Amino acid sequence: MQLAQRRRFLLQSAAFSLASVGASFPAAWAAAKIKPGERAALIVVDVQNCFIPGGTLPVAKGEEVVPIINRIATAFENVVITQDWHTQGHASFASTHAGKKPFETAKLSYGQQVLWPDHCVQGTEDAALHKDLKLPTAQVILRKGFHQHVDSYSAFEEADRKTSTGLAGYLKQRGIKTVFVTGLATDFCVAWTALDAKRLGFETYVVEDACRAIDLNGSLDAAWKNMKARGVKRIQSSDMDVA
């Protein structure tokens with residue numbers, strides 16, 4: 001075979017091979033979407049008026065999580081909602097500590113506590129779930145932070161790291177193996193919930209676009225690094241099969 005003919009033959013063969021591989025590549029290599037089964041639970045953390053713009057402790061663009069959570073919730077048989085539920089004069093409020101301002105810290109009996117504006121006070125409209133949150137299949141609304149002297153970020157354990165909320169027992173008795181965590185805010189209640197879920201033996205995902213963060217002094221980056229180090233998986237709602 002002459003040199004020019006040989007080159008044409010090799011180029012044509014290569015083109016054919018690439019076309020064939022290209023045709024089969026998407027089917028062979030497309031990442032499978034995650035489909036929550038009957039042993040999975042969606043945890044919706046603190047999607048309340050107090051954390052939405054206009055509330056007492058607003059998370060920027062917090063309202064944007066609502067339609068995403070509503071959409072992915074249709075894929076779950078098991079849904080848990082958490083609700084921050086503080087007493088008047090709660091220990092985590094800056095107003096409770098003379099001379100302290102919101103976002104400063106104070107040493108409480110269980111360690112350093114970020115001090116917050118008064119928020120999510122029991123029975124107020126500020127503490128109510130966002131009006132557009134549509135989760136008719138939710139079986140549990142778990143209220144946390146109602147002990148006067150202890151804050152509670154995690155849905156599983158209060159900030160003293162001793163007081164259980166009972167959620168782990170509930171989920172385990174229901175046979176739940178995997179949890180998907182969403183809500184407000186990524187770097188506080190969502191992250192603490194996810195870390196505790198993983199520690200307690202649940203396969204744990206955080207749905208990033210179904211969360212929004214406060215990002216206080218680099219807290220968001222630190223939270224993601226901590227979650228990654230502990231084996232919490234970071235996904236997007238588009239990674240889930242919710243059809």
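Modeller: Lys144 is buried, as its relative accessible area is 0% (buried means under 20%, exposed over 50%, partly exposed in between, with a 1.4 Å probe and protein chains only). This is a predicted model, where local features need pLDDT of at least 70, side-chain atom pairs count only at pLDDT 80 or more, and totals for chains, interfaces and linings use all residues. Residues are numbered from 1 along each chain as its sequence is written, and side-chain values use heavy atoms, leaving out hydrogens and water.

Biologist: Nice start! Which backbone oxygen does the side chain of Lys144 reach?

Modeller: Look for a polar contact, a pair of N or O atoms within 3.5 Å; within protein, one must be able to donate a hydrogen and the other to accept it, and residues adjacent in sequence count only if both atoms are side-chain atoms. At 3.1 Å from the Lys144 side chain lies the backbone oxygen of Ser152.

Biologist: In which strand is Lys144 found?

Modeller: Helices (H or I, at least four residues) and strands (E, at least two) are DSSP runs, numbered from the N terminus. The run covering residues 140–144 includes Lys144, and that is strand β5.

Biologist: Which strands stand at the edges of the sheet, and why is one side of each left without a neighbour?

Modeller: Two strands pair if DSSP finds at least two bridges between them. Six strands form this open, parallel sheet, in the order β5-β2-β1-β6-β7-β8. Each edge strand has a single partner, so one of its sides has no neighbour in the sheet; these strands are β5 and β8.

Biologist: And what is the bridge partner of Val44 in β6?

Modeller: Strand β1 (residues 40–45) pairs with β6 (residues 178–184) in the parallel sense, over six bridges. Across from Val44, the partner in β6 is Thr182.
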